[in-house]
Amino acid sequence: MVGEAVAKPAPVKQTLRVTELGSVKTLRIDASGASCRIGYITITRTSMCLDVAARVELLRNGRPVGSADFEIKHSMGLNSSKLKWGESFTVGKATLVNASGIKVNVTVGAGKAVKTSVKFPQGSTLGPVRKGTVSYTATVKKNKTLTTPASYRFSFTKPGYTGGDITYKSAKFRCDDTFWARNGRQRVKNPGCVFPGYAPIFSLSRTDSKVKESARHIADAQKAITGHPGASTPLHRITDEKTIDKHRTAMCGRIHAPQGKDCDEYPFAATKEGGNPRRGSIRVISASDNRTAGARLGGFYKSQRVLNGDAYYVGIK
């Protein structure tokens with residue numbers, strides 16, 4: 001009919017929808033290297049493995065017409081004595097269903113105080129395994145700490161489609177430059193980084209002649225005290241000298257140890273759990289043994305970067 005409008009078909013809207021399949025949980029393991037498990041962030045004090053399952057869906061007017069399923073695996077290793085470290089990651093082989101030609105780009109950030117450099121075949125096609133690395137360099141001031149996660153963004157594009165992306169974070173890492181002599185003029189430990197969400201283990205052995213009395217006392221105390229502090233539940237370091245002296249006095253103030261002997265308290269005076277006679281134990285032991293164990297504990301604090309408020313366990317062999 002003359003003058004009658006001709007209806008035009010609605011434009012086709014094509015988009016990419018990217019989703020993370022399932023929530024990511026955090027595991028803490030007692031091993032030197034974190035092993036990957038899909039859907040988990042696995043950490044030790046200085047290592048992290050993150051394995052994410054993802055899907056890119058091709059949508060036409062909101063309806064799925066294709067998909068790509070794959071995993072992204074990360075492996076990060078911190079250095080407890082340096083402010084530089086690295087990470088490797090892999091975009092795994094994708095299962096494609098009507099989803100050819102999807103390209104992937106990667107960016108990684110960690111805030112203004114951490115410089116990142118990503119090496120990855122940007123714009124490569126999703127399908128084959130693609131590998132990349134990230135280099136990190138942190139800046140932290142004297143007697144300061146920096147705590148942040150890495151933030152990942154994987155962006156996907158395809159000609160004719162509106163792109164999509166997936167974002168997620170690593171476990172939080174912490175860098176610090178807090179191990180200085182009391183005069184503040186000399187470092188006793190170079191700055192470095194750890195995963196504070198992992199509680200490290202301070203170990204002593206009952207068969208070690210230099211610390212056997214300390215080890216036996218701790219083992220007995222852990223069994224006797226309700227809640228098994230340091231064994232079933234962690235201890236928490238404190239650094240305030242006045243509080244530490246108060247804890248020590250509360251436990252050992254009335255004990256007069258003979259020459260060559262010390263009053264040994266557990267939980268340690270330098271812990272939040274210390275200083276409570278109703279939930280603590282004291283024993284007179286060799287002064288040499290006690291002080292050797294104390295020196296090892298101080299070394300443990302440095303090597304594991306155990307700061308004020310940090311949780312840790314005490315393991316007795």
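Me: How many helices and strands does the secondary structure of the protein chain come to?

Reply: This is a predicted model. Its protein chain comes to 3 helices and 21 strands. The radius of gyration is 27 Å, well over the 20 Å that the globule rule gives for 317 residues, so the chain is more spread out than a compact globule.

Me: What does the C-alpha trace span along its principal axes?

Reply: The span of the C-alpha trace is about 115 × 40 × 40 Å. As to burial, a residue counts as buried when its relative accessible area is under 20%. In this protein chain, 42% of the 317 residues count as buried.

Me: Is Lys-115 buried or exposed?

Reply: The cut-off for exposed is over 50% relative accessible area. Lys-115 has 64%, and is therefore exposed. This lysine belongs to strand S9, which covers residues 114–119. Between the C-alpha atoms of Lys-115 and Glu-57 the separation is 33 Å, the two residues being 58 apart along the chain.

Me: Where is Lys-212 found, and what is its relative accessible area?

Reply: Lys-212 lies in helix H1, which comprises residues 212–224. Its relative accessible area is 31%, so Lys-212 is classed as partly exposed.

How values were computed: Residues are numbered from 1 along each chain as its sequence is written. This is a predicted model: local features need pLDDT of at least 70, side-chain atom pairs count only at pLDDT 80 or more; totals for chains, interfaces and linings use all residues. Side-chain values use heavy atoms; hydrogens and water are left out. Helices (H or I, at least four residues) and strands (E, at least two) are DSSP runs, numbered from the N terminus. Buried means under 20% relative accessible area, exposed over 50%, partly exposed in between (1.4 Å probe, protein chains only). The radius of gyration is taken over C-alpha atoms; the globule rule is 2.2 Å times the number of residues to the power 0.38.
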